[in-house]
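Subject: A structure for you to explore

Hi there,

Here is the structure I promised to pass on to you. Please open it beside this email, and then read on for what was found in it.

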Amino acid sequence: MHDAALLLVEVGAVLLGLSLLSRLADRIGISAIPFYLLAGLAFGVGGFVPLEAGNEFFTFGSELGVILLLVMLGLEYSPTELISSLNQSRRAGILDVLLNAVPGAACALILGWGPVAAVALAGITWVSSSGVIAKVLRDLRRLGNRETPTILSILVIEDLAMAFYLPVLSALVIGTGVLVGGAALLVAVLVVAVILYLALKHGRIISGLFAANHSESLLLGVLGLTMLVAGIAQEVNVSAAVGAFLVGIALSGRVAHNAQQLLAPLRDLFAAIFFVFFGLSTEPASVPPVLLPAAILAVITIATKTLTGYAAAAAAGIGLPGRWRTGFALTPRGEFSIVIAGLAAGSGIEPRLAPLATAYVLLTVIAGPILARMTDAAWFRRWIGLRQQRVRTASDTPERF
């Protein structure tokens, strides 16, 4: 079979298979991300049927998938909402990084992977999956719940923190000298700060470049600007994902709303390719040896992320059921964790990092939606009712002297 024909057959078969997996995931009520990762493992090196002609397509498609995922995240936040979230949830953001990044860093150090791998694994366990969480909230019809703004505030802080974390990690994994690495890191942070300033202060001017009601022009313009900024960001050692995220923040109003609708199908397509490619680049045989530490890390960080959400909701004055819903909703990790793992794995700092990240994301993405639905179970509601009754009884009991 000719190369072009083989490429079409392989890509077509993979996309058709992903369609069926996505439908299955929807029927079950979980995210399709675990199925995409498993599909990649099945068709990668060491898998059941390794792909031969589609590697270049999936490589570029995965890079475009990251860019589209992040620009869509940025489009969900206006500059005003970004500043408001930072002001309201600063303490929750600090608690979030302490409770969830530290276990990842500690795990890497205990396994003897070194400080750079510790920084990478800290990021993998720190950041929740905005895409998975948004889908869970939509599926469970909780977008109007009182705790939802608290959930979104924590996600905003995490996504914005990635704009500074990823350049730092990039500088560390390059492995250059102290002076060269420090200079590259300084340039990266300055570029992020400049782009963020332009996004926050002059977002209306940037949005004015596009015609909100002209679909073709808007799609081409937003996609072109996103790829342009992402490429420039990557050239100065800032992650392309960060550049795309900041472009999304810079756009607002009807331009942002209409761009979301136009880019959503492209995002879904290339995001699926992104997760498949990560699976393709991971050998299945490398996953079982790290399954136990991944499971232990998943249990610990699901608990710490639940505590993070619970504490943030309590500080916002939300009742006991809403506190648990907040904590459980935040537990899945996904796109950012895979981006970080891919960046670290590409540098070769630790070959076991990518398999561990794959297993870890699989476990949290499966457990997260299950935990989120658990709060609607009758037994859980009864348990919450008993706890509330005990609290009221304790508060009504007079003190004895």
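At roughly what angle do the axes of helix α5 (residues 90-110) and helix α14 (residues 291-315) cross? They cross at roughly 170°, and the two axes come within 9 Å. Axes here are lines fitted to C-alpha atoms, for helices over the stretch in contact, and angles run from 0 to 180 degrees between N-to-C directions. That makes α5 roughly antiparallel to α14; angles under 35 degrees count as roughly parallel, over 145 as roughly antiparallel, 65 to 115 as roughly perpendicular and the rest as oblique. Residues of α5 that meet α14 include Leu95, Leu99, Pro103 and Cys107. On the α14 side, the residues include Leu297, Ile300, Thr304 and Ala311.

A word on where the values come from. This is a predicted model, in which local features need pLDDT of at least 70 and side-chain atom pairs count only at pLDDT 80 or more, while totals for chains, interfaces and linings use all residues. Residues are numbered from 1 along each chain as its sequence is written, and side-chain values use heavy atoms, with hydrogens and water left out.

The overall picture

The protein has 18 helices and zero strands. Helices (H or I, at least four residues) and strands (E, at least two) are DSSP runs, numbered from the N terminus. Of its 401 residues, 50% count as buried, where buried means under 20% relative accessible area, exposed over 50% and partly exposed in between (1.4 Å probe, protein chains only). Among contacts (heavy atoms within 4.5 Å) between residues at least 6 apart in sequence, 83% join residues at least 24 apart.

Helix α1

Helix α1 covers residues 3-28, and its end C-alpha atoms are 37 Å apart. At 1.5 Å a residue, its 26 residues should span 38 Å, so the two values agree; the expected span is 1.5 Å times one less than the number of residues. Which residues of α1 are buried? They are Leu6, Glu10, Val11, Val14, Leu18 and Ala25. What covers them includes α2 (33-43), α3 (55-75) and α13 (253-280). Just after α1, Gly29 takes a positive phi of about 95°.

Helix α6 (residues 115-126) and helix α17 (residues 353-374) pack at an angle of about 10°, with their axes 11 Å apart. They are therefore roughly parallel to each other. Ala120, Leu121, Ile124 and Thr125 in α6 meet Leu353, Leu356, Ala357 and Tyr360 in α17.

Have a look at Tyr165 in helix α8 (residues 148-174). Tyr165 is buried, with a relative accessible area of 11%. Its contacts, not counting residues up to four places away in sequence, are Val119, Ala120, Gly123, Trp126 and Ile340. Tyr165 and Ala120 are 45 residues apart in sequence, and their C-alpha atoms are 9.6 Å apart in space. A polar atom of the Tyr165 side chain lies 2.6 Å from the backbone oxygen of Val119.

Asn258 is found in helix α13 and is buried too, at 16% relative accessible area. The side chains of Asn258 and His257 make a polar contact (3.3 Å). A polar contact is a pair of N or O atoms within 3.5 Å; within protein, one must be able to donate a hydrogen and the other to accept it, and residues adjacent in sequence count only if both atoms are side-chain atoms. Not counting residues up to four places away in sequence, Asn258 touches Ala212, Asn213 and Leu218.

Aromatic rings

The structure holds 10 aromatic pairs. Rings of Phe, Tyr and Trp (its six-membered ring) pair if their centres lie within 6.5 Å; planes under 30 degrees apart count as stacked, over 60 as edge-to-face and the rest as tilted. One of the pairs is Trp324 with Trp383, which is edge-to-face at 5.7 Å centre to centre and 65° between the planes. This pair links distant parts of the chain, with Trp324 in helix α15 (residues 320-329) and Trp383 in helix α18 (residues 378-396), 59 residues apart. Trp324 is buried at 18% relative accessibility, whereas Trp383 is partly exposed at 35%. Ring pairs link Tyr310, Trp324, Phe328, Trp379, Phe380 and Trp383 into a cluster.

Enjoy exploring!
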